[in-house]
Amino acid sequence: KKKELSNKTPSVFSSNCVGCMVLHDLSLQFNSPFVNLYLTAKDYLKFLSDPQKYLDAEFEEVTSDRTYPVGKLLDLTFYFVHYSSFNEAVTAFKRRAKRINFDNLFVVFSERDGCDYKDLEIFDNLPFKNKVVFTHKPYSEIKSSFYISGFEKENELGSILSWDKKIGRKIYDRFDFVKWFNNH
């Protein structure tokens, strides 16, 4: 699929690691600060409602019992799951935020981390041209949804970062990211 990719500079906002994993798999630069972190569904939707407001703000470190750093950006909580220190996470976030190209932006959401049906509706109505929400069951009325089978008995979408033996790729590869990026 890498050979078919013509859009080599997408910026990807993602509520969890899916976006950065796709960019990594395609050997693309992280033109987005959403790398190695996650936000709850509600916080991610708040971010998407006014990205520039949040990108212009400064992080505050949050004391927590988690084994990874946590930061507040105004009223949002960022969980820097794959960073060893708060300073490392914030430095990487700011460096990558400078690379965002809003004219080549792709917005990824996952039906997990507290996401409910109302959140799916809110996401579906956001004014982003290129957006997709991965869901654990089909929602034909949610135009931006992409159903990932195998999680129907769960309350939310499970990890789609793992390997899918049926297709010989990661579960998220059921969605054609290359075609999506190329057709922006």
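The second largest pocket of this predicted model holds about 200 Å³ of space. A pocket here is an open set of points on a 1 Å grid over the protein atoms alone, where a 1.4 Å probe fits, with protein on both sides within 12 Å along at least five of seven lines. Its volume is the space filled by probe spheres set on the points. Lining residues have an atom within 4 Å of a point; there are 14 of them, and Asn16, Cys17, Arg112, Ser159 and Leu161 are the closest to the centre of the second largest pocket. By class, this lining has seven nonpolar, five polar and two charged residues.

The largest pocket has a volume of about 270 Å³. Its lining also numbers 14 residues, with Lys1, Asp25, Leu26, Arg169 and Asp173 the closest to its centre. Two or more lining residues come from each of α1 (18-25), β9 (169-170) and α6 (177-182). Seven residues of this lining are nonpolar, none is polar and seven are charged.

Glu111 sits in the loop between β5 (105-110) and α5 (117-124).

Residues are numbered from 1 along each chain as its sequence is written, and side-chain values use heavy atoms, without hydrogens or water. Local features need pLDDT of at least 70 and side-chain atom pairs count only at pLDDT 80 or more, while totals for chains, interfaces and linings use all residues.

Note on methods:
Helices (H or I, at least four residues) and strands (E, at least two) are DSSP runs, numbered from the N terminus. Ala, Val, Leu, Ile, Met, Phe, Trp, Tyr, Cys and Pro count as nonpolar, Asp, Glu, Lys and Arg as charged, and the others, Gly among them, as polar.
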